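Hi,

Here is the structure I promised to pass on. Have a look at it first, and my notes on what turned up follow below.

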Amino acid sequence: MNFVPYNATVAKREPVKYTLVPLNADLIPQVAEIERQNFSHPWTEAMLTSQLDNMLASIICALGENGVVLGYAGVTVVAGEGYIDNIAVRQEYRKQGIASELLGVFLRFAKAQNLHFLTLEVRVSNTAAKQLYMKHGFAQVGRRKNYYDDPKEDAILMTRYFGENIPEFDQEGGIVQ
Ligand SMILES: CC(C)(COP(=O)(O)OP(=O)(O)OC[C@H]1O[C@@H](n2cnc3c(N)ncnc32)[C@H](O)[C@@H]1OP(=O)(O)O)[C@@H](O)C(=O)NCCC(=O)NCCS
């Protein structure tokens, strides 16, 4: 179900215009919709609503001129460490740099706040997401066996380090031991 009508054909012809805004209650139905479209265990509207009061968490949205949420990303920061909770872009608006813009906000925040790292899990088969993270300096630092359900799959743990003592990485993004 679409909460706001949008025209994917127009979006593909010319780069879509959007602004980055913090998640608010009005946008939650759209974010929950994108969650359902992309993940087998999506965040519900109730879970997203609880994030509005979570002082450690932030979700930002790419909001199109027509009021459509094009994509969003969430981060939780605990003890100087940042955990990317979720990131997704509507299929019609992918490959236009929206995820990079969203991620860029958290990368700048992480540097400004002297976070040790940003980290996340991604399905082994999710090439697009892995390429996105590698493009932004995330390295594959570990693997969690059978981490995901529906379908069952391993997770790759990807981390972008900041500051000193940054490990050396090989061409696949693995840490050189
Ligand atoms: C992964 C995802 C968020 C990328 O969003 P996007 O807005 O299309 O990404 P961008 O346009 O910013 O792309 C940035 C880089 O990501 C990589 N990338 C994006 N889509 C890709 C694809 N289909 N195949 C390979 N690499 C891809 C490329 O390196 C790209 O850089 P380039 O354009 O210079 O080649 C989007 O595909 C998505 O929502 N997927 C479903 C949800 C999901 O899997 N989220 C991640 C959970 S861990």
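**Helices and the sheet**

Let me start with helix α2 (residues 28-38), which lies across β2, β3 and β4 (81-89) and runs at about 90° to β3. Please keep in mind that this is a predicted model. Helix α4 (residues 98-112) also deserves a look: it lies across β1, β2, β3, β4 and β5 (117-123), and its angle to β3 is about 25°.

The strands under discussion belong to an open sheet of seven strands with mixed pairing, in the order β1-β2-β3-β4-β5-β7-β6. At its edges are β1 (18-22) and β6 (139-148), each of which pairs on one side only. From one strand to the next, the twist averages 25°.

As a reminder, strands of a sheet pair through backbone hydrogen bonds, either parallel or antiparallel.

Now for the chain as a whole. The protein chain has five helices and seven strands, and reading along the sequence gives the pattern α-β-α-α-β-β-β-α-β-α-β-β. Of its 177 residues, 28% are buried. How many of the contacts between residues at least 6 apart in sequence join residues at least 24 apart? The share is 57%.

Best wishes

Conventions
Residues numbered from 1 in each chain as written. Predicted model: local features only at pLDDT ≥ 70, side-chain atom pairs only at ≥ 80, totals over all residues. Helix = DSSP H or I, 4+ residues; strand = E, 2+ residues; numbered from the N terminus. Buried ≥ 20, exposed ≤ 12 C-beta atoms within 10 Å, placed from the backbone. Contact = placed C-beta atoms within 7 Å. Pairing = 2+ DSSP bridges. Axes fitted to C-alpha atoms, helices over the stretch in contact; angles between N-to-C directions.
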